Amino acid sequence: MSPHPPQSSSHSPSAPSPFRCVVFSVAGQALALPVEAVRRFLPLPRLDRLPTAPQPVEGVFRYHGEVVPVLRLGVLLDLASGKSAGGAAGGGQAELYAPLILITWQGRPTALLVDQVHGDVAVEADERLASDPSLSFNGCAAGAFPDRLTGRAGTVTLLAPDRLLNEAEGRLLDAFRAAEDRRLARWGGAA
């Protein structure tokens, strides 16, 4: 006997539930992440900036005892040449009120510096547009959907958080994070 109750044949499979995304702007571009990829939003803390940091790393801060690198998403995605409302994520100096989106990348916290967070939106399956992964770096553009949150015409590009960095960049970021951990340990763990 099956442990599952029999299903009535009169039911048709229900439509898939809407896909929830957090919409934000970087260098004038509307972007989104799946809501489950976002751990939290943080105000920009005081960052330690190190001369050995790769260009996309704005700096680091400590969050719950872990070193968190802050990535300038505009530099990472090569959007720096576009118009940036806040200037921070697009490649300029981080503004005092620039928001961070805290995500988990490779099991460790990583923060994305963005210009503005617009909110979250439910995207119906029939609204989601496929993207050609070969047209984005490392296939990080997972799709798109109509922009009805930022007040601009066009579409919002949905990013795959696990594809934001390629394997080599991930190794460099891990090495940078480890070096920062060692540096802080020499100073007695002060943050």
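Colleague: What share of the 191 residues of the protein counts as buried?
Modeller: This is a predicted model, so local features need pLDDT of at least 70 and side-chain atom pairs count only at pLDDT 80 or more, while totals for chains, interfaces and linings use all residues. Residues are numbered from 1 along each chain as its sequence is written, and side-chain values use heavy atoms, with hydrogens and water left out. Buried means under 20% relative accessible area, exposed over 50%, partly exposed in between (1.4 Å probe, protein chains only). Of the 191 residues, the buried share is 41%.

Colleague: What percentage of the contacts with a separation of 6 or more comes from residues 24 or more positions apart?
Modeller: A contact means heavy atoms within 4.5 Å. Among contacts in the protein with a separation of 6 or more, residues 24 or more positions apart account for 62%.

Colleague: How far apart are the end C-alpha atoms of helix α2?
Modeller: Helix α2 runs over residues 167–186, which is 20 residues. The expected span is 1.5 Å times one less than the number of residues, so α2 should span 28 Å. The model agrees with that: the end C-alpha atoms are apart by 29 Å.

Colleague: Within what arc do the buried residues of α2 fall?
Modeller: The buried residues of α2 are Gly170, Leu173, Phe176, Arg177, Glu180 and Leu184. They line one face of the helix, because seen down its axis they fall within a limited arc. That arc is taken from the directions from the helix axis to the C-beta atoms. Its value is 125 degrees.

Colleague: Which strands are included in what covers the buried residues of α2?
Modeller: On the other side of α2, Glu167, Leu172, Ala185 and Arg186 are exposed. The cover over the buried residues includes β4 (57–63), β5 (66–72), β6 (99–105) and β7 (108–113).

Colleague: Which residue caps the N-terminal end of α2?
Modeller: A side-chain oxygen lies 3.1 Å from the backbone nitrogen of Ala168. The capping residue that supplies this oxygen is Asn166.

Colleague: What kind of aromatic pair do Phe61 and Tyr63 form?
Modeller: Rings of Phe, Tyr and Trp (its six-membered ring) pair if their centres lie within 6.5 Å; planes under 30 degrees apart count as stacked, over 60 as edge-to-face and the rest as tilted. A search of the whole structure finds one such pair. The rings of Phe61 and Tyr63 have centres 6.5 Å apart and planes at 75 degrees, so the pair is edge-to-face.

Colleague: Is Ala27 buried or exposed?
Modeller: Ala27 is in the loop between β1 (19–26) and β2 (29–34). Its phi is near 50 degrees, a positive value in a residue other than glycine. With a relative accessible area of 2%, Ala27 is buried.

Colleague: And His64, buried or exposed?
Modeller: His64 lies in the loop between β4 and β5. Its phi is also positive, near 50 degrees. At 70% relative accessibility, His64 counts as exposed.

Technical notes
Helix = DSSP H or I, 4+ residues; strand = E, 2+ residues; numbered from the N terminus. Polar contact = N/O pair within 3.5 Å; in protein donor to acceptor, adjacent residues only side chain to side chain.
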